[in-house]
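Have a look at the model first, then read on.

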Amino acid sequence: MATLKDQAYWNDYMRKQPRNPSMLGSVPEQFRTSAMCEWLMGQCGENASFVRFIPEQAFTRALAEAALARSAALLGHIPARLIDKPLCMSARAGDHGFDLAQVPPEVIDRELCVHALQCGASLADVPPALLDKAMCMAAVILGRHRPDQVPVALIDDDIIAAAIAHGSVDSFNDGLPELFKSPAYLTMAIERYKIALDAIPGNRFSGQLYECAQRLYGGDADWPAIVARHDESRMAREPDALYAEVCWSVFWTEPVMLAQIGKKKSEGLWPFEIPAERFTRDVAKACVDVHPLHLNSVPMRWIDQSMCERVSLAYPDLLDLIPVARRTARLCARAMKASYTTLGMVPLAQRSVKMCVTTVLANQDREGQVPLALRREVFDILVARHAGHFYASWLYMHRGDAALCSEPRRVDLALADYRHVVDTGVSEEMLQYDVDRCLFMIGYCRFLLGDTAGMSAEECADHARSWFREAIAPVDVDRPQLFLLVGDAQGFNERGDHARALVQAQRAGELLQAAGCADPVLRAEVAGQKRLALNGLGRCDESDQLCQEVMDALGDDLMYDDDPACNRRRVVVRACCLQLVTRLLDAGPTPEALEEILDLLDAGADVEAGPGEDEDVTHPFTELRARLAARAA
């Protein structure tokens with residue numbers, strides 16, 4: 001005979017498993033009574049997650065208070081009829097997950113918000129009328145609310161110093177923008193808060209910071225204990241402690257650093273954690289031996305050729321990790337053997353005809369990486385041996401260009417190639433664009449030979465600048481620092497802190513300029529963040545000027561290739577193009593301006609989808625152009 005599963009049955013069922021209260025979910029809802037749930041609450045210890053299975057009608061005030069006493073995050077499972085201020089104030093302070101959105105608006109006041117923040121509520125959920133600097137300071141001092149959660153208008157030195165002092169090493173490394181980690185801010189933090197001495201990661205604690213701390217707190221009774229927590233004796237007491245986090249870098253010594261670098265990779269000292277002033281020759285060598293991928297974290301003056309050889313053997317295609325002056329012919333040849341995409345990292349003087357032929361055969365869009373002095377020979381080989389790989393019009397047109405780049409300039413050879421394309425005419429092997437351009441180039445050649453009827457000197461000079469540029473030479477750029485600055489600018493822009501975003505974007509631009517870097521992807525990334533910052537600050541004229549500079553310098557679609565990194569450049573060029581179009585349309589375009597708009601839309605449409613991009617990225621340009629062209633007609 002089947003057992004009757006009544007209330008008594010289910011009460012007994014739950015009593016047989018007091019350590020597994022979540023089995024309440026297996027009990028039919030009509031049998032989950034208040035009495036059963038209150039008994040479970042008495043048995044569950046700290047884990048009251050079973051409250052998600054309590055039916056609304058069975059929830060009592062006692063259950064609600066007991067749940068919040070165990071976890072503030074359980075507020076979301078409590079019926080709205082029970083939520084009032086006293087219940088919210090009963091939530092366990094110091095907990096996580098309190099959701100202010102679950103609290104009826106009429107219940108929320110300043111006192112409740114402060115308590116909610118102590119229980120892990122987000123500053124974003126505090127009603128704007130109650131959110132002021134005092135509350136933000138209180139939240140940051142709790143140590144679980146980062147400056148990026150504070151409204152931009154309220155972030156100042158007080159908030160930043162409090163965030164440094166009351167945070168953790170993890171929140172410092174992962175939650176603070178690089179701008180707020182500068183020596184000036186760190187000094188300010190320890191001047192205002194003694195506890196900052198324990199909050200700042202050891203690798204950021206320089207000699208200058210130590211002198212400041214000693215001046216402020218060196219006479220205090222607990223100063224020797226503070227120092228003992230952060231000198232290298234800590235490692236003897238706690239061998240598993242993370243050296244870069246707990247030991248002040250002012251105390252670092254070479255033997256201990258070498259031992260830490262040699263540890264298992266997840267626990268030891270990484271090159272990017274070492275301040276520049278703590279490097280020695282042996283430290284640099286150890287870093288490269290253990291972490292060859294991080295050669296670019298080693299100061300240039302400590303890098304020797306043997307280190308570069310080590311990196312090249314481990315990662316032959318990552319030639320950009322190696323200082324330009326140390327990219328020898330052997331290292332470059334090894335890089336090219338690993339991947340044709342490394343040609344742009346090879347110094348111009350090290351690029352050979354063979355390298356260039358290999359690269360253009362693999363991807364014709366990289367023909368711009370061939371040095372001017374080698375172009376004619378490279379295209380002679382391509383025409384003679386590999387003509388079947390290319391459109392004939394493209395091949396002969398570029399060989400003609402190469403003749404005009406050679407020294408001495410061979411106008412006769414260029415004319416022969418251009419005329420070959422024009423005389424053959426449009427066909428399966430001759431593209432209309434190439435034929436039209438060769439017609440133009442014939443006029444250019446005639447100008448060079450003294451016939452000035454068809455082209456002015458100014459047009460000639462403009463053409464020479466745009467078509468006969470030397471390949472971009474690689475330069476040494478502090479990429480780790482650059483990416484920190486660009487990342488900062490992006491983070492600030494996303495939070496609406498455009499003033500600070502502009503500061504970091506400008507610093508990134510200055511870094512590129514000082515290095516003489518012409519890399520179009522890096523320049524586009526910096527310009528993209530600067531554009532957003534200027535727009536956010538309402539400096540529209542400067543932003544438009546920047547967009548025009550981007551279009552002039554980086555908008556040539558022929559410079560794109562199959563490298564996914566180029567997508568970042570594509571995104572910026574499209575954004576600049578669209579901004580200029582929008583600005584002209586908003587001004588009520590004249591016929592002349594309409595022509596400029598159509599040219600911009602053509603330029604945007606020419607930026608075809610890159611690797612992994614949606615093929616529809618060009619549709620906004622082509623569709624708007626079609627509408628405007630129809631209107632103009």
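The crossing of α27 and α29 is left-handed, a label used when the near helix is turned anticlockwise from the far one by less than a right angle. Keep in mind that this is a predicted model, where local features need pLDDT of at least 70, side-chain atom pairs count only at pLDDT 80 or more, and totals for chains, interfaces and linings use all residues. Residues are numbered from 1 along each chain as its sequence is written, and side-chain values use heavy atoms, with hydrogens and water left out.

**The helix pair**
- The axes (lines fitted to C-alpha atoms over the stretch in contact) of α27, residues 520-536, and α29, residues 566-586, come within 8 Å and cross at roughly 40°.
- That is why α27 counts as oblique to α29.
- On the α27 side, the residues in contact (heavy atoms within 4.5 Å) include Pro520, Ala524, Gly528 and Arg531.
- Their partners in α29 include Cys566, Val572, Ala575 and Arg583.
- By class, this contact has 7 nonpolar, 3 polar and 5 charged residues, with Gly counted among the polar ones.

**The second largest pocket**
- Its volume, the space filled by probe spheres set on the grid points, is about 520 Å³.
- Of the 20 residues lining the second largest pocket, Gly509, Arg523, Lys530, Leu546 and Glu549 lie nearest its centre; lining residues have an atom within 4 Å of a point.
- α26 (498-515), α27 and α28 (540-554) each supply at least two lining residues, and α28 gives the largest share, 7 residues.
- The lining divides into 10 nonpolar, 5 polar and 5 charged residues.

Conventions. Axes are lines fitted to C-alpha atoms, for helices over the stretch in contact, and angles run from 0 to 180 degrees between N-to-C directions. Helices (H or I, at least four residues) and strands (E, at least two) are DSSP runs, numbered from the N terminus. Angles under 35 degrees count as roughly parallel, over 145 as roughly antiparallel, 65 to 115 as roughly perpendicular and the rest as oblique. On a 1 Å grid over the protein atoms alone, a cavity is a set of points where a 1.4 Å probe fits but cannot get out, and a pocket is an open set with protein on both sides within 12 Å along at least five of seven lines; lining residues have an atom within 4 Å of a point.
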